[in-house]
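Please keep the sequence and the coordinates open while reading.

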Amino acid sequence: MAKSPETEHPNKAFGWAAKDKSGVLSPFHFSRRDNGDNDVTVKILYCGVCHTDLHTIKNDWGFSYYPVVPGHEIVGIATKVGKNVTKFREGDRVGVGVITGSCQSCESCNQDLENYCPQMSFTYNSIGSDGTKTYGGYSESIVVDQRFVLQFPEGLPSDSGAPLLCAGITVYSPMKYYGMTEPGKHLGVAGLGGLGHVAVKIGKAFGLKVTVISSSPSKEDEAINRLGADSFLVSSDSQKMKAAIGTMDYIIDTVSAVHALFPLLGLLKVNGKLVTLGLPEKPLELPIFPLVLGRKMVGGSDIGGMKETQEMLEFCAKHNITADIELIKMDEINTAMERLAKSDVRYRFVIDVANSLSPP
Amino acid sequence: MGKEAFGLAAKDNSGVLSTFHFSRRETGEKDVRFKVLFCGICHSDLHMIKNEWGISTYPLVPGHEIVGVVTEVGSKVTKFKTGDKVGVGCMVGSCGSCDSCTEGLENYCPKSIQTYGFKYYDDTITYGGYSDNMVCDEGFIIRMPDNLPLDAAAPLLCAGITVYSPLKYHGLDKPGMHIGVVGLGGLGHVAVKFAKAMGLKVTVISTSDSKRDEAINRLGADAFVVSRDQKQIKDAMRTLDGIINTVSATHSLLPLLGLLKPKGKLVMVGAPEKPLELPVMPLIFERKMVMGSMIGGIKETQEMVDMAGKHNITADIELISADYVNTAMERLEKADVRYRFVIDVANTLKPTP
């Protein structure tokens with residue numbers, strides 16, 4: 001007989017899960033495995049609410065397996081470490097991000113690019129290396145192979161640092177990979193949400209000039225005065241967009257709705273690069289002439305490998321980069337999801353798990 | 001004023017070419033003047049004579065795959081002399097001072113002047129190579145290798161550089177790499193030849209099986225995939241480091257992206273007029289890229305022609321007489337040519353019809 005979530009593992013666990021595609025989250029009893037020789041058990045302090053969590057609980061992408069316990073921006077304390085674990089000790093402040101499993105032996109894994117391993121498994125809504133479903137960080141604790149645990153640097157706050165584990169690496173990795181880090185160059189950041197606001201901060205830390213491209217004029221003051229962007233372009237202002245043609249070396253496009261690439265490609269200089277990070281439901285329209293006439297490029301990226309994620313955390317700690325967050329209690333999560341669907345958050349919700357998640 | 005010239009021009013957007021007398025400037029101090037021997041017919045010529053891009057002005061003398069023999073050089077010309085075999089490709093001028101020009105990428109200069117249909121520094125309109133003589137600034141003249149037959153080498157000046165440049169720029173020129181070439185026409189067949197000369201494994205991707213034998217047995221491609229055959233596409237998934245896509249009709253990018261290995265590059269050198277659907281998942285989950293490329297700089301064009309000389313790379317051509325040009329254009333529209341028409345200008349272009 002198939003085991004239920006409560007009985008498939010030896011240790012009782014508790015969190016909040018979505019049970020169907022209404023996406024409504026509610027208390028959920030399940031279980032977690034014993035701490036194996038390579039594992040670290042993490043008591044969860046905080047967990048960021050990523051837009052992917054919203055997409056998954058509503059089955060927007062068609063591959064959600066309910067019940068879904070979301071959460072892949074996890075910061076906590078190591079309470080147990082297995083006997084083969086060398087990098088962590090009990091009491092360490094650690095992070096867990098988007099992936100918690102990979103084959104650990106293919107070309108991608110050997111290049112520290114576990115995120116491109118064909119057998120990579122996600123922190124939630126995935127089948128883990130032990131063949132059971134993974135449950136994420138909207139829960140009291142999690143057990144993770146040490147390879148997928150990150151040292152949380154001193155000086156990086158646990159609550160506002162949590163979103164770096166997904167949002168941070170998602171913008172940092174392509175900026176490094178596509179060579180978008182030359183000081184003095186001009187970066188455009190399209191979309192000012194969870195990813196976009198972190199991209200502005202990381203861009204400034206690399207010494208780039210940063211322009212935010214947004215459909216919301218109301219975000220200009222924040223973008224410039226609080227986040228440190230050098231300028232702000234309202235995408236519907238055709239005059240200003242025209243004046244900015246051919247001025248940017250790179251664009252990080254964080255917009256996840258279907259949107260026009262043509263005006264963004266126009267902003268790029270010759271040889272310019274646009275990296276798209278959002279996952280719209282339908283394909284985008286790609287005009288080819290601008291690519292050909294200006295030798296421009298459109299690429300994509302998906303989080304980053306574990307080594308790179310650790311490097312990103314150190315970089316952010318060094319430059320005092322954290323996310324701008326709104327701390328919420330676990331039982332406020334459904335309201336938060338409704339607001340997230342309307343982009344009504346500056347710029348990431350983070351669940352105060354340790355102080356507000358209580359089993360009945 | 002100026003020197004007499006005659007050629008073939010389109011007088012309106014019917015695109016019909018007929019004899020046209022005009023004049024070219026006198027040979028300036030930095031100019032090279034040459035007698036045109038051959039001129040390749042590029043698909044761009046067809047687009048332009050019919051004003052399909054909306055930028056044509058008439059009368060239009062096309063032709064930007066021009067080869068000939070130098071007849072006169074200006075007093076400040078140092079690199080060429082009378083009797084040299086030379087060529088001119090798609091550009092005859094640029095600003096000389098912007099970032100692109102400074103890097104030898106005159107093709108991306110916002111003020112680059114195309115060989116025909118563009119305004120020159122002296123406010124005259126440029127006329128291309130479907131004519132008896134050409135005059136051009138030394139900086140845009142290419143030396144043609146002695147060992148290459150000039151008629152079959154002419155198409156290198158556009159088709160050749162258009163495929164050579166992205167292979168080099170995107171690092172798709174390392175021996176042992178595996179690239180795909182989509183579309184086997186003027187650009188595609190030259191891409192196969194350059195790629196093989198670089199030591200690459202080459203798969204041709206085409207919509208029909210009809211060119212398989214040619215591709216493998218004559219052009220030297222290693223494999224051939226019919227893009228509409230699901231099984232062939234599936235068997236070739238994730239095998240290519242890069243793809244040179246020469247197709248300018250609307251088509252699906254999804255199967256092509258699937259053929260790339262992770263981090264692979266899809267290079268567009270054909271330019272469909274309407275936007276194409278871009279499936280985002282292959283870019284995000286497999287870090288694949290789509291990029292464009294347009295001809296190449298002058299230095300790079302010379303490098304490409306020198307490589308062609310070294311490896312005996314020329315285009316497969318059908319040599320035609322000047323009075324066949326309108327028929328050739330009709331056939332080109334139906335892709336009925338293996339793989340480039342070249343006009344035998346010196347022997348067949350007459351000043352009177």
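**Inside chain B**

Asp316(B) forms a salt bridge with Lys193(B), and their closest N and O atoms are 2.7 Å apart. A salt bridge here is a side-chain nitrogen of Lys or Arg within 4 Å of a carboxyl oxygen of Asp or Glu. The model is predicted: local features need pLDDT of at least 70, side-chain atom pairs count only at pLDDT 80 or more, and totals for chains, interfaces and linings use all residues. Residues are numbered from 1 along each chain as its sequence is written, chains are lettered from A and ligands numbered from 1 in the order in which they are written, and side-chain values use heavy atoms, with hydrogens and water left out.

Chain B is divided into domain 1 (1-157 + 313-342) and domain 2 (159-290), with bounds that come from an automatic or database domain assignment. The centres of domain 1 of chain B and domain 2 of chain B, taken over C-alpha atoms, are separated by 28 Å. Domain 1 of chain B gives 13 residues to the contact and domain 2 of chain B gives 17 residues, where contact means heavy atoms within 4.5 Å. About 1,300 Å² is buried between domain 1 of chain B and domain 2 of chain B, and carbon and sulfur atoms give 52% of this area. Buried area is the accessible area (1.4 Å probe) that two parts lose on being put together, summed over both.

Three salt bridges are found across the interface of domain 1 of chain B and domain 2 of chain B. Ten residue pairs, both at pLDDT 80 or more, are in polar contact between domain 1 of chain B and domain 2 of chain B. A polar contact is a pair of N or O atoms within 3.5 Å; within protein, one must be able to donate a hydrogen and the other to accept it, and residues adjacent in sequence count only if both atoms are side-chain atoms.

**Between the chains**

How many salt bridges are counted between chain A and chain B? The count is zero, while eight residue pairs, both at pLDDT 80 or more, are in polar contact between chain A and chain B. The area buried between chain A and chain B is about 3,100 Å², with 67% from carbon and sulfur atoms. In residues, 35 of chain A are in contact with 32 of chain B.

**A buried threonine**

Thr309(A) lies in helix H10 (residues 306-318) of chain A; helices (H or I, at least four residues) and strands (E, at least two) are DSSP runs, numbered from the N terminus. Thr309(A) counts as buried because its relative accessibility is 3%. The classes are buried under 20% relative accessible area, exposed over 50% and partly exposed in between (1.4 Å probe, protein chains only). A polar atom of the Thr309(A) side chain lies 2.6 Å from the backbone oxygen of Gly305(A). Not counting residues up to four places away in sequence, Thr309(A) touches Leu150(A), Ile169(A) and Gly304(A).

**Backbone exceptions**

Most residues other than glycine have a negative phi, and most peptide bonds are trans. Asn59(A), not a glycine, has a positive phi of about 55°; Asn59(A) is partly exposed, with a relative accessible area of 24%. Ile295(B) also has a positive phi, near 35°, but Ile295(B) is buried at 12% relative accessible area. The peptide bond from Arg346(A) to Tyr347(A) is cis, with omega near -10°. Another cis peptide bond joins Tyr58(B) and Pro59(B), with omega about 0°.
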